[in-house]
Each structure stands twice: as structure tokens, then as C-alpha cells.
Amino acid sequence: MKVIVAKDYDELCRFAGHFVTRWLQMHERVVLGLATGNTMIGFYKVLVEKYRRGEVSFKNVVTFNLDEFVGVEVTHEQSYHYYMKKHFFDHVDIAEDARFLPDGLAKDVLAECERYERLIKEKGGIDLMMLGIGKNGHIAFNEPTSSLASRTRVKRLEDETVEALAQGFGGKEKVPRYVITMGIGTIMESRHILMLASGKGKACAVKDMVEGPIGAYCPATVLQLHPHVFVVIDEDAGSLLTRKYDTVSSVLSDPYEEYFYEGK
Ligand code: GLP
């Protein structure tokens, strides 16, 4: 696990944007795994700015999102389909037929989970997976005690996650209880992972993920077993860590920066 501490959210987003841009410049065809949530908004903003300045193109990119709510229309402002269009897809050159999200409106949601798994394989697997983290340590919507070997499936949200989503949906009772989420086993098959976490609210989960023992009670701890994980956090999110970690400026001035993006 390569942990990199940014001064604040702004530096975190700029570094993550730089990281993915370098990645795309260095690889011809990339399958990107994408995440949603507030943390990712600033990161997408940086990517869109870089695209507008002509620094990056998404023409040869295929994307797979981590999750979607079951039974929520794609035009609903809280759906992840809507989020992705609003913050990213509508502003860059990713072909419409190269963007994939689980279909939360599918008649047969279980068959949809299997289809999604097959599709990821057909496209060659995920090269670089973006991840956020929930306050309870969830990744995608793999809530605590999810099997660390799980595949894409339907999950019921824990109360704490429902609470975290309540404001957006206009009240707890309006938050959908079921979601389709990539499984932890599915996520772990990605070749590289870039995890972003910001703010004091994530400090406990980050401490467990980076320095705690591996366990399903905090699904993000499984990332310790992955060979190529980058965890980029701001100082607030890293405030409970006890060891000293790299900073954004130390990484950017490293003469081996190029290797770094290859995960070497
Ligand atoms: C949701 C998403 C996760 C995301 C998490 C954190 O639960 N399914 O993929 O990591 O929110 O979101 P935020 O960045 O808003 O804290």
C-alpha cells in the first residue's frame, strides 16, 4: 500500500487528477473503474479541466462504475447514472457505448449482477480502479462483514450508510435500501487501485484500512492484500495514522515518478 498525504482536499484532487492523466498518457487503452460520492466530485472537476486544456483524452477509455441504487430512475438526481453524467461524462470525450454502470432498474437484478461481471471480463478487466471509503470502512457498497471474496451482487444498506445518504435523498425514509455493488473480490481483481479519502469523518476508517488488521468488519482493510494500491488522503483523513507517510510534494519530486504510475 502506497500512502500519500495531501495538505488538503484541493491538493488531493489535483494530485489524483494528475495521477490518472499520467496513467492515461502512458497506456493506449485503459479500462477505468469509477466511483461516486462527494470526495470524487473535485477529482472529476480536475479531470474535466485537464480535458478542456487538451492535456488528456478519454477516447480510448472504457469505464465501469462500482455501484447503483436499485429501483431509482437514471434521471433521479441521486442516481449514480445522473451523478456520472453531471460531474464527468457530459464534459469529456468518453464514447457513450464505453460507459457502464449496473442497471438498478433491471427486471431481474440478480441476472444484471452476473451480466455486469461478465462484461468486465469481456472488456479485459479493470486496469485502474478509483475507490472512496465509507465512514464504516465500506468500499463501493460492500458494508462491514461483506465477504472479502464477494462478487457483484445486491446488498442492503446499513443504517449508518442510509444516514450518510439521507441529506441527498431528502430524508432517511427516501433512501433506497437496496443497491447493486461490485463485490470485494471483483474490486480486488483490478490491476491497480487508487483510493481517495478526505476529511476528519474518514479518519477512523483510514486508520483501520492502513494500520489495522485485515478483517471484514472494515472491508477496506482487504486492500492491504492488493499488490498495487495507492491511498491518497488529506491531512484530516490521515489524522489518526501513527506512522509517517509520503507527501504529494515528495512523490512529485521523486526521480522515479514514472515507475510509480506503473505501480512498480
Ligand atoms: C458511497 C459510495 C462509495 C463511496 C462512499 C463515500 O457509499 N457507494 O463508493 O466511497 O459513498 O462517499 P463520500 O465521498 O461522499 O464520503
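## Aromatic pairs

A search of the whole structure, a predicted model, finds 16 aromatic pairs, counted where ring centres of Phe, Tyr or Trp (its six-membered ring) lie within 6.5 Å. One of them joins F69 and F141, with 5.7 Å from centre to centre and 55° between the planes, a tilted pair; planes under 30 degrees apart would count as stacked and over 60 as edge-to-face.

F69 belongs to strand 4 (residues 67-69), while F141 is in the loop between strand 6 (128-131) and strand 7 (153-156), so the pair ties together parts 72 residues apart in sequence. Strands here are DSSP runs of E with at least two residues, numbered from the N terminus.

## Ligand surroundings

F141 is also among the residues around the ligand, together with T36, G37, N38, T39, D67, Y80, G132, I133, H138, A140 and K202; a residue is included if one of its heavy atoms lies within 4 Å. By class, this shell has 4 nonpolar, 6 polar and 2 charged residues, with Gly counted as polar.

## Polar contacts and cover

Polar contacts are pairs of N or O atoms within 3.5 Å. A polar side-chain atom of K202 is 2.5 Å from a ligand oxygen atom, and a side-chain N or O atom of H138 is 2.8 Å from an oxygen atom of the ligand. At A140, a backbone N or O atom lies 3.3 Å from a ligand nitrogen atom. Of the 400 Å² of accessible area that the ligand has on its own, the protein covers 87% (Shrake-Rupley method, 1.4 Å probe).

## Basis

Residues are numbered from 1 along each chain as its sequence is written, and side-chain values use heavy atoms, without hydrogens and water. In this predicted model, local features need pLDDT of at least 70 and side-chain atom pairs count only at pLDDT 80 or more, whereas totals for chains, interfaces and linings use all residues.

Terms used:
Polar contact = N/O pair within 3.5 Å; in protein donor to acceptor, adjacent residues only side chain to side chain. Helix = DSSP H or I, 4+ residues; strand = E, 2+ residues; numbered from the N terminus.
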